[in-house]
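Please examine the sequence and the model before reading the points below.

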Amino acid sequence: MSQAFDPIPSPPGIPFVGNIHDIENEVPLRSVHLLAQKYGPIFQLNILGTTMVWCNTHELLDEICDEKRFHKLVAGPLHQIRNGAGDGLFTAMHGEKSWALAHKLLMPAFGPVMIRNMFADMLDIGSQLILKWERHGPNYVINPTDDFTRLAFDTIALCIMNYRFNSFYMEELHPFIRAMSQFLTESGTRSRRPRVVRALMKGTNAQYEADIQTMMDTCNEIVHERKTHPIEKNDLLNIMLNGRDPKTGEGLTEENIKFQIITFLIAGHETTSGLLSFSMYYLLKNPHAYAKVKAEVDSVLGKVPITQEQVSQLPYIVAVMRETLRLTPSATGFTLTPFEDEVIGTKGGKRYQIKKGTAVIASLYDIHRDPAVWGEDVEEYKPERMLDGAFEKLPKNAWKPFGNGARACIGRPFAWNEAIIALACLFQKFDFRMQDPSYTLEIQQSVTIKPKNFRIYAIPRADTPTFHLTPSLINAAWHSGSAPAQVQAEAKSVASTSGEKRLYCYFGGNTGSCESFAQRIASEAPAKGFRAIIDSLDSVVGRIPTDGPVIIITASFEGLPADNAALFVEWLKGLKGKELEGVNYALFGCGNTEWVQTYQAIPKLCDSLLRERGAKALLERGEANAALNEFIDQFDAWEASLWKELTKVYSLTEQKKDVGITVETIAADRPTILRQTDAVLGQVIENRVLTKPGIGIKRHIEFALPAETTYQAGDYLVVIPTNPQDSVHRAIVRFGFLAEQRITLHAPGPTSLPVDVPISINEVLSGYVELAHPATKKNIQTLIDAAAEGLERTPLEELLENYQTAVTDKRLSVLDILERHPNLNVTFGKFLEMLPSMRVRQYSISSSPLWNPEHVTLTVSILEGPALSGQGTFVGVATHFLAQLKPGDKVQLVVRPSSAAFHLPTSPEVPIVMFCAGAGFAPMRGFIQERANQIASGRQVGKALLFVGCRKENEDFLYKEDDLAEWVKIGAVDVRPAFSREPEKSEGCQYVQHRVWHDRDDLREAFKAGCRFYTCGSITLSNAVKETCVKIIKEARSCTDDEADAFFQEKAKERFATDVFG
């Protein structure tokens, strides 16, 4: 009796079209990746009647790469590319005679000697890119993907056929590049389109044919030029025109030569430009890798031009490229098919039958994330995993970005050499930073993938080689020296225009506090006689100004720098001498002593390094502790000391004229003005209450995301809120405006307000300032100064004297005080100056993309109650904003990734244990939802334990009767509640930590099984859970408190992730 086959999992299809709607059009990779997460090592889809199988693990890839059993299949998008590339090397059918001949003739052209001979041409085109970036200057926003496309395209054309497209001398891309890009995109799309639909799209088809003709016209021109004006050069074009098979005497046909030219131009530029673009992204996102590349380049190249011999002396750059191609292979897969019916998966105890002729896709994007090969940290960017022999020790077929076997990419040595030269020269010449430090990778896809909306700045480094091109543009001559005067002028932060003293404010923070403090200093600067410049710390990597005081406001995040300060910190750490002599600085650190081990870690480090490298501190480092109510006051006191010191050092005189915000009574881009440039518009789908009446309200809110936005379970949704209309109305009445009245704001320096554009009073007060923020001591002093002597001043002075109890504890805002004192003569401009900018609010996403990749949900607590000030009702700005949303409303939002640790393990079979209370259940819901979807798809998942705290079982046990009940039923989670008001219903346990102790035997079993732990909630909950875990360890190991704590700390580094709020 024959052995049965295991079914290959598949999502349900639709009659006639099958699973066509399971693959999105814009970025098919996103759908394929989600399907792999959902269904596991293998799945199949029916695409318009054709069965296609995706293999997603190294184990299966190793089988299908056996060239005795499987061969390349030209199918899907690749089959459509044959419309333009014919029987070129990339698109030739298996067994097609022209492929064997072309491969035999052209393979030697990519040997080591030939590649070395191309070095000068590669350097020539690279110099054109460097000159372009240098001449544009440090403040020019660069689209690296476009310029790397020009680089790779011009390089392949010059090296293989001595033809110059001169892309860097044109504003628009060469017609061939435009036609090719459109051709590749349409080839990918039409492969997923029913033939009958394709036939009806006459306009699209006409453009498709026109693009093919444009490419062919260029090939005709190239071939005609070479035949008319032959050259004595052993390049690829001469080999194709003149080469003959030594045995048969056969050569390539002219048609095939043109197909090969198109093939090389497509394959030779698409993959390399993607590799370089993704490498730049990952290096800027990973400062440790960025610093190592710079160190290697400086060590090997120094201040002289690169040589071909040095290309092989840059192992870390090679590791960067390998790791980049692991995470983002330009070609995300290749397609094979068996010679005969095959069975795969037997090594893993499965028997999947693959019929002869079935398309089998090696899904490299997921295979390169196989934890069985790469470990559980597969999503982390670690070039080190490719160093010191580790790459060579990888299992066979573990890393396959260039394809398989005889049909692998023939031009790999060419692309490798070109990319190393490009990265080395660029990092020798420039420092880089992202235009938007919070940018997270977005993908655009044609046949290959590239970053989308990725923008950078290139800041010329001092004392580096400068390119000078010869008239023939063949060789690059270098000289060592500083950048040209034009570039030096552009590199200065601000040109001096009127003899004003300059002051530089640089911030590094993720939550907005550091930026807000920096903005306050910048806003005050004009009144002190300074012209202020404000930007992120990453903006001054390699070039801290020396022509004015430098004010640094930064913070630590679990001991690490903020997103917009990471490169700056790595740069500081890499300095060796007294490079910062002449820099005068003052540094203020924000922190929270709840994170006692890393409190002020980055501010302290920066301060120490600045001093060591020769910078002079204008005053001692300041600190603000967010765990205290005096957080703002601590900054106010330091700022006062700062201005006192600056006045003395720079001989300042107070400006008598009013240089603050002025108002001219007469729509702005709010996210840009608030420096949230990555915000997009989401749409509300659902907004419902989860809790019973009479207790604190918690809501479930569902948003539809724009097509290009992606997320993972555990990530954050950042929302830009607006103030409650009641608060806005109060302010409008206080200053005697009409709600519809329009004004124009003017400011002498940088501000987060919409200046120099007409805007309504309502819009300013709704979206740009924090109306409910407690008044600071500085605010109250400003009001005292504006008050008349006597009765008006006395109560204000009492507020200042009893600040903690009268203001902070009661959350008394500037608006509250102004309403109490209607006779206070404070201008609307001065009122705006006293208010902080509107802050974004960050919430844990409570859904999984396996449920719906285009929708996210939030689970939030709504803050509302009597105002402690005694003036009306207090409502949380953001939660009130969210609570008022209705289906169909549009919201400015952005997805931000959480820390790498706060995501599910790569393998769903790893057990998880979750601790949470209240709305802290949000990310846990996303985790459980993901596991539930994997179970529904037939995957094996590890046990999930949920310890959740709430008040009463039938009041605020969130999702108890719907989602949780279903997930418990299918085995996705084991729920262990703790009811604080009904402990008798939770094994006598009142709080989460009590339930953890009660169920400690289950916790020990989960730990032995290799589980991951997650905590989300208040710092009180987090500390209580930790103390209980230490107590369990002490009991199990019969050790001291210190030994148990040390054991916990050691294991927490790898297996315990926290997301603490409040």
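The points below concern a sheet, a pair of helices, a loop glutamate and an annotated cysteine.

The model is predicted, and local features need pLDDT of at least 70, side-chain atom pairs count only at pLDDT 80 or more, and totals for chains, interfaces and linings use all residues. Residues are numbered from 1 along each chain as its sequence is written, and side-chain values use heavy atoms, with hydrogens and water left out. Helices (H or I, at least four residues) and strands (E, at least two) are DSSP runs, numbered from the N terminus.

**The five-stranded sheet**

- Strands of a sheet pair through backbone hydrogen bonds, either parallel or antiparallel.
- Five strands form an open sheet in the order β1-β2-β7-β4-β3, and the pairing is mixed; two strands pair if DSSP finds at least two bridges between them.
- At the edges are β1 (42-47) and β3 (70-72), each of which pairs on one side only.
- From one strand to the next, the twist averages 35°; angles run from 0 to 180 degrees between N-to-C directions, and axes are lines fitted to C-alpha atoms, for helices over the stretch in contact.
- Strands β3 and β4 run antiparallel and are joined by three bridges; phenylalanine 70 has proline 338 in β4 as its bridge partner.
- Helix α1 (residues 28-39) packs on this sheet, where it touches β1, β2 (50-55) and β7 (359-363). Contact means heavy atoms within 4.5 Å. The direction of α1 makes about 130° with that of β1.

**Helices α36 and α37**

- The axes of α36 (residues 1000-1008) and α37 (residues 1019-1037) are 11 Å apart, and the two helices pack at an angle of about 80°.
- Helix α36 is therefore roughly perpendicular to α37 (65 to 115 degrees; under 35 counts as roughly parallel, over 145 as roughly antiparallel and the rest as oblique).
- Arg1000, Leu1003 and Arg1004 of α36 meet Cys1029, Ile1032, Glu1035 and Ala1036 of α37.
- The residues of this contact comprise four nonpolar, no polar and three charged. Nonpolar covers Ala, Val, Leu, Ile, Met, Phe, Trp, Tyr, Cys and Pro; charged covers Asp, Glu, Lys and Arg; the others, Gly among them, are polar.

**Glutamate 340**

- Glutamate 340 lies in the loop between β4 (333-338) and β5 (342-344).
- Leaving aside neighbours within four places in sequence, glutamate 340 is in contact with Ile354 and Lys356.

**Cysteine 409**

- Cysteine 409 is in the loop between α17 (371-374) and α18 (412-429).
- An unreviewed UniProt entry places the feature "binding site" at Cys409; such annotations may be inferred rather than shown by experiment.
- Cysteine 409 counts as partly exposed because its relative accessibility is 37% (buried is under 20%, exposed over 50%, partly exposed in between, with a 1.4 Å probe and protein chains only).
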